[in-house]
Amino acid sequence: MSDSLLEARDLHAYYGTSHVLHGVDFRVARGEAVGLMGRNGMGKTTLLRAMLGLVKPRGGRVWVQGTPMTGAEPYRVARRGIAYVPEGRGIFPNLTVRENLVMAARPGLDGRRAWTLDRVMGTFPRLGERLEHGGAQLSGGEQQMLTIGRALMTNPDLLILDEATEGLAPQIAAEIWRIIRDVKGHGIATVIVDKNHAAVTSVTDRNVILVKGRVVFTGDSSSLRADPELLQKHLGV
Amino acid sequence: MDLASLLIQLLNGVQYGLLLFLVASGLTLVFGIMGIINLAHGSFYMVGAYMAFVFASATGSLLAGVVLGIGLSVALGMLLEWTLFARLYQRDHLDQVLLTYGLILVLEELRSILVDNDVHGVPVPPMLAGSIPLTANLSYPVYRLFLSGVCLVIGGLMYLLIQRTRLGMMIRAGASNREMVQSLGLNIKLVYRLVFALGVALAAFAGMIAAPVSSVYPGMGTHVLIICLVVVVMGGIGSVRGALLAALLIGIVDTFGRVFLPQAAGVVVYLVMAAVLLWRPEGLFRSI
């Protein structure tokens, strides 16, 4: 438990009246990169949102850094070192790039201030050139960099990326993947949801596949790559 | 009409507009950020005016009354947000209208019980009681100029708060994506409570400083509410800049309407609103 950053046990969640999660167990250890896979509508985003407090689970438990946080206020979960880059990015279009970053700035749970505005600008030089631009003026790739940069400004222990490369041109997506590796290299744990399974497994230590709200596979990346039938069956690739 | 009289009317219009801005800015923020139509907002203006009357009578000083009144109105705002308005964010507009209309009745009744149903005057503080002569027989009261100055200073402070501070960034961010603000570890509910309390305090403060000019009377909140709804819709819902522009426009149009078209004084502001909305259906400005 102690080295577990985020842990869910027997999680049940509903979207309206439909039962989306059927007793999911999920765990991220300190510094670990976990791929969360499954076809559309299998419950990946709902699982993330239920653990983050954005969806109230109807059953099961959630711990964040060992503290019980089932259905806690989302801001409390975030303050325990969990940063979330949602699908569709969620930048604030009415704030400038600088404001998007500065408003999120916060020391990490252990008080470290490793990620500052300067460091984010160093990691994302394109953002540095556009600090005074409005969020809505950025391209899709720049918006994604802004969301990741903003998440890093909270000095998280865990970065959750939901479809971070969706809809991006290949070379922009490649840059996002380079940044994800870079972030992992700094010891920040990640949960990655992405349709590019080859890219996911090249970064992650462990992978979880969801089918209809149930975990059907948990294993390391090499065993997943070695089993093309499994990929074909559950992910259709 | 000579130039000096025109100037006096213009100053009156600007002063009325700036006062409307103080009330309307809170209404538009609460509407734009939390999505709440607060019909009781005018009642906070009334509450402020009565607090100025009661406290100024008790202490003999309008300033002491205002200081006390601001503290109490912030507390009232916090309390109302916590007990009532926080429950309205996820509800539809009909529920909001029902509850806030009920609140108007409750606040009027409380005013009747705690004070009375009479019209009261609040004396202008002696230090500001003078007039500035404009011509041989026309002069302009210092207190009205002071009123405009105070409103401008508060408008400037609000601009700095919203555009230059981290709280302001959170307020603006909360208007565009509440969930994302929370996911960054920021307590949006606390931000909402502060914004609501700020809106209550601004409306009440406007009532307090207007009391010596407008006198204090039952139902005074209702007229202010209606004209402020006009300002909010004209300025663009959620836009403080829009509220300032619309409030000045309404203040000046209303004042000159009374002078030049006294027969149509009641409808001039609504005609202007209709014209502005035909030109810009979403109001003068879009966001905060």
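In this predicted model, helix α1(B) passes helix α9(B) in a right-handed crossing. The axes of the two helices, which comprise residues 3-34 and residues 220-235 of chain B, come within 9 Å and cross at roughly 65°. Chain A, for its part, contains 10 helices and 10 strands, and 19 of its residues are in contact with 17 residues of chain B. The points below take the helix crossing in chain B, the contact between the chains, and then the architecture and selected residues of chain A.

**Helix crossing in chain B**

- Packed helices are described by two quantities, the angle between their axes and the distance between those axes.
- On the α1(B) side, the contact is made by Leu20(B), Val23(B), Ala24(B), Leu27(B), Thr28(B) and Phe31(B).
- These residues meet Val224(B), Ile227(B), Cys228(B), Val231(B), Val232(B) and Gly235(B) of α9(B).
- By class, the residues of this contact comprise 10 nonpolar and two polar, with no charged residue.

**Contact between chains A and B**

- The contact between the chains involves 19 residues of chain A and 17 residues of chain B.
- Helices α2 (74-79) and α3 (97-102) of chain A each supply at least two residues of the side that touches chain B.
- The most is given by α2(A), which contributes four residues to that side of chain A.
- The side of chain A that touches chain B consists of 13 nonpolar, three polar and three charged residues.

**Overall form of chain A**

- The secondary structure of chain A amounts to 10 helices and 10 strands.
- Chain A is as compact as a globular protein of its length, because its radius of gyration of 17 Å is close to the 18 Å that the globule rule gives for 237 residues.
- The C-alpha trace of chain A spans about 45 × 35 × 35 Å along its principal axes.
- Of the 237 residues of chain A, 43% count as buried.
- Among contacts in chain A between residues at least 6 apart in sequence, 67% join residues at least 24 apart.

- An open sheet in chain A is formed by four strands in the order β2-β1-β4-β5, with antiparallel pairing.
- Its edge strands are β2 (18-29) and β5 (67-68) of chain A, each of which pairs on one side only.
- Strand β1 (residues 4-15) of chain A runs antiparallel to β2(A) and is joined to it by nine bridges.
- Within this pairing, Ala8(A) has Phe26(A) of β2(A) as its bridge partner.
- Helix α1 (residues 44-51) of chain A lies across β1, β2 and β4 (59-64) of chain A, and runs at about 115° to β1(A).
- This helix, α1(A), is mostly covered, with eight of its eight residues buried.
- The buried residues of α1(A) include the charged-side-chain positions Lys44(A) and Arg49(A), together with Thr45(A), Thr46(A), Leu47(A), Leu48(A), Ala50(A) and Met51(A).
- After α1(A) comes Gly53(A), which has a positive phi near 85°.

- Strand β9 (residues 206-211) of chain A and strand β10 (residues 214-220) of chain A run antiparallel and are joined by six bridges.
- The bridge partner of Asn207(A) in β10(A) is Gly219(A).
- Two residues lie between the strands of this hairpin, in which Lys212(A) adopts a positive phi near 50°.

**Surroundings of Gly81 in chain A**

- Gly81(A) is located in the loop between α2 and β6 (82-85) of chain A.
- Gly81(A) counts as buried because it has 23 C-beta neighbours inside 10 Å, where 20 or more are required.
- Leaving aside neighbours within four places in sequence, Gly81(A) is in contact with Gln65(A), Gly108(A), Leu109(A), Pro156(A), Asp157(A) and Leu158(A).
- Gly81(A) and Pro107(A) are 26 residues apart in sequence, and 9.4 Å separates their C-alpha atoms.

- Val120(A) belongs to helix α4 (residues 117-123) of chain A.
- Val120(A) is buried, since 22 other C-beta atoms lie within 10 Å.
- Beyond its neighbours within four places in sequence, Val120(A) is in contact with Leu101(A), Trp115(A), Leu127(A), Gly149(A), Leu152(A) and Met153(A).
- The C-alpha atoms of Val120(A) and Leu210(A), which are 90 residues apart along the chain, are separated by 33 Å.

Methods: Residues numbered from 1 in each chain as written. Chains lettered and ligands numbered in written order. Predicted model: local features only at pLDDT ≥ 70, side-chain atom pairs only at ≥ 80, totals over all residues. Pairing = 2+ DSSP bridges. Contact = placed C-beta atoms within 7 Å. Axes fitted to C-alpha atoms, helices over the stretch in contact; angles between N-to-C directions. Buried ≥ 20, exposed ≤ 12 C-beta atoms within 10 Å, placed from the backbone. Left-handed = near helix turned anticlockwise from the far one by under 90°. Rg over C-alpha atoms; globule rule 2.2 N^0.38 Å.
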